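Me: Could you take a close look at one part of this model with me, and then show me what lies elsewhere in the chain? I'd like to start with how strands pair.

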Amino acid sequence: MKVVAINGSPQGEKGNTALILGPFLEGLKAAGADVRVFLTKAMTVHPCQGEYNCWFRTPGRCFQEDDMQTLLPEVVEANVLVLATPLYVDGMTGPLKTVVDRMIPLGDPKIEMRGDHCRHPGRSTVKDRKMVLVSNCGFWELDNFDTLVSHVQAIARNLDAAFAGALLRPHGPAFKAMLDRHLPVTDVLDAARDAGRQLIETGSIAPETLSAVSRPLLPRDQYVATANQHMARRG
Ligand SMILES: Cc1cc2nc3c(=O)[nH]c(=O)nc-3n(C[C@H](O)[C@H](O)[C@H](O)COP(=O)(O)O)c2cc1C
């Protein structure tokens with residue numbers, strides 16, 4: 001089982017997104033998956049130029065010579081594609097969106113009906129492909145992720161992949177601070193690890209496990225007060 005994870009956080013491995021992505025990938029590996037991780041921070045990926053060369057002139061290949069030439073063949077072979085991103089203005093980060101735009105060579109220009117909807121056929125031969133979202137945000141409420149989850153579900157439908165769930169960590173900066181202070185929040189890391197193991201062993205992630213990743217860590221008014229004190233000290 002091949003897993004390709006793309007982390008779109010500008011903070012890369014030291015960011016809050018990586019705090020959940022890390023144990024999730026550990027769980028996938030422990031269950032036997034071959035996991036490849038790509039950091040957009042460490043890659044050069046230019047925006048799609050909308051020329052459609054990858055559809056008509058050189059089918060399946062973009063004319064831009066950058067790190068997408070390495071990533072795209074990995075994505076083609078992936079059984080599981082993990083998109084990891086902090087929530088930026090209610091969506092994914094720009095660099096991750098640029099990478100997703102540059103997956104257009106994976107589609108064939110022909111339009112086909114899949115179910116009752118227009119789609120482009122994919123070039124990958126991988127069957128039963130799955131997609132997972134890992135995200136982290138600064139506000140307290142879980143519903144801050146709604147637009148991002150909806151977007152990634154739509155991407156999964158277009159890539160003919162099954163959306164296997166989202167590991168969402170609201171009030172993410174508090175999670176890091178609480179881990180640093182050795183407060184009792186490591187159950188969240190255990191749940192993320194368990195989610196990875198479940199996905200490989202059973203093909204899905206239990207809703208209770210996803211809820212455990214997202215569980216409230218402290219009351220909202222306490223989070224707002226603590227966060228504001230922290231901002232005042234930085235400002
Ligand atoms: C440009 C920018 C936009 C952001 N937009 C949101 C947002 O819309 N909602 C939210 O809850 N947090 C938002 N945040 C906070 C980040 O999602 C949060 O700090 C996250 O934990 C950062 O993860 P990282 O360390 O992996 O980059 C934003 C942060 C930045 C820098």
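Reply: Happy to! Two strands pair if DSSP finds at least two bridges between them, where strands (E, at least two residues) and helices (H or I, at least four) are DSSP runs numbered from the N terminus. This is a predicted model, in which local features need pLDDT of at least 70 and side-chain atom pairs count only at pLDDT 80 or more, while totals for chains, interfaces and linings use all residues. Residues are numbered from 1 along each chain as its sequence is written.

Let's begin with strand β1, which covers residues 2-7. Its partner is strand β2 (residues 34-39), and the two run in the parallel sense, with six bridges between them. Within this pair, N7 sits opposite L39 of β2. Strand β1 is largely enclosed by the rest of the structure, because five of its six residues are buried (20 or more other C-beta atoms within 10 Å of the residue's own; exposed means 12 or fewer, partly exposed in between, with C-beta atoms placed from the backbone).

Beyond its neighbours within four places in sequence, L81 is in contact (C-beta atoms within 7 Å) with V4, V75, R129, M131 and A161.

Now for the loop that runs between β3 (80-86) and α4 (94-101), where you will find G91. Y88 belongs to this loop too. Y88 counts as partly exposed because it has 18 C-beta neighbours inside 10 Å. G91 is also partly exposed, since 15 other C-beta atoms lie within 10 Å. Leaving aside residues within four places in sequence, G91 makes contact with T147, L148 and H151.

For G91 and I200, 109 residues apart along the chain, the C-alpha separation is 27 Å.

How many of its 15 residues are buried? The count is zero, so α9 is hardly covered, whereas β1 is largely enclosed.

Conventions: Contact = placed C-beta atoms within 7 Å.
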